[in-house]
Amino acid sequence: MTEQRVLVIGLDPATIDGWDPAPVQAAIARGRTRFDEQGIEADYCLVTPDDTAEGAIAAALTGRTYACVVIGGGIRDHEPLLPLFERVVNLVRQHQPDAAIAFNSSPDDCADAARRWLR
């Protein structure tokens with residue numbers, strides 16, 4: 001059986017100024033539960049959108065082999081974070097070249113995004 005481990009890369013909602021993290025943290029918890037229910041091993045790399053993000057993401061990508069990397073909408077959809085999104089995609093290509101890249105629509109559906117690419 002091939003490795004089915006997934007890495008989810010997203011923003012840590014507790015580190016965003018002026019933002020109530022509780023709803024996003026609850027959605028992340030529901031998303032983790034969905035991975036468990038589907039029998040998919042998942043690691044999360046939640047970062048602060050600052051100069052520490054790239055190093056944290058590179059460390060997560062080099063720690064294990066992943067079949068799929070899900071990049072969250074907080075990084076992807078917020079236009080000021082476009083340079084970070086580009087770096088994330090290129091870090092995945094560099095450190096996990098055999099991993100599929102998936103995009104979720106919310107923290108709740110990370111498992112569904114990964115499932116589209118897992119065999």
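Q: What should I know about the model before reading it?
A: This is a predicted model, in which local features need pLDDT of at least 70 and side-chain atom pairs count only at pLDDT 80 or more, while totals for chains, interfaces and linings use all residues. Residues are numbered from 1 along each chain as its sequence is written, and side-chain values use heavy atoms, with hydrogens and water left out.

Q: In what order do the four strands form the open sheet?
A: Strands of a sheet pair through backbone hydrogen bonds, either parallel or antiparallel. Strands here are DSSP runs of E with at least two residues, helices are runs of H or I with at least four, and both are numbered from the N terminus; two strands pair if DSSP finds at least two bridges between them. In this model the order is β2-β1-β3-β4, with parallel pairing. Because β2 and β4 (100-103) stand at the edges with a single partner strand each, one side of each is left without a neighbour in the sheet. Neighbouring strands are turned by 20 degrees against each other on average, direction ignored, where axes are lines fitted to C-alpha atoms, for helices over the stretch in contact, and angles run from 0 to 180 degrees between N-to-C directions.

Q: Over how many bridges do β1 and β2 pair, and over how many do β3 and β4?
A: β1 and β2 pair in the parallel sense over six bridges, and G10 has L46 in β2 as its bridge partner. β3 and β4 pair, also in the parallel sense, over four bridges, and C68 stands opposite A100 in β4.

Q: Which strands does α2 lie across, and which does α4 lie across?
A: α2 lies across β1, β2 and β3, running at about 170 degrees to β2, whereas α4 lies across β1, β3 and β4, running at about 175 degrees to β3. As for β4, its covered face carries A100 and A102, and its uncovered face carries I101 and F103.

Q: How many residues does the largest nonpolar core have?
A: A nonpolar core is a set of buried Ala, Val, Leu, Ile, Met, Phe, Trp, Tyr and Cys residues joined through side-chain atoms within 4.5 Å. The largest one here has 21 residues, and those with the most contacts inside it are L7, I9, I57, L61, V69, I75 and V88. Two or more residues each come from β1 (6-11), β2 (42-47), α2 (53-63), β3 (68-71) and α4 (82-95). Apart from this core lies another, of 16 residues, among them Y44, A67, V70 and A100. Contact means heavy atoms within 4.5 Å, and I9, not counting residues up to four places away in sequence, touches residues including C45, I57, L61, V69, I75 and V88.

Q: Which residues are linked with D43 in a network of salt bridges?
A: A salt bridge is a side-chain nitrogen of Lys or Arg within 4 Å of a carboxyl oxygen of Asp or Glu, and a search of the whole structure finds seven. R5, E41, D43 and R64 are linked in a network. The side chains of R5 and D43 meet at 3.0 Å, N to O, and this pair links distant parts of the chain, R5 in the segment before β1 and D43 in strand β2, 38 residues apart. R5 counts as buried, at 11% relative accessibility. R64 also meets D43 in a salt bridge (3.7 Å, N to O); R64 lies in the loop between α2 and β3 and D43 in strand β2, so this pair ties together parts that are 21 residues apart in sequence. R64 counts as partly exposed, at 43% relative accessibility.

Q: Where does I16 lie?
A: I16 lies in the loop between β1 and α1 (22-37) and, at 26% relative accessibility, counts as partly exposed. Leaving aside neighbours within four places in sequence, I16 is in contact with L11 and P49.

How values were computed:
Buried means under 20% relative accessible area, exposed over 50%, partly exposed in between (1.4 Å probe, protein chains only).
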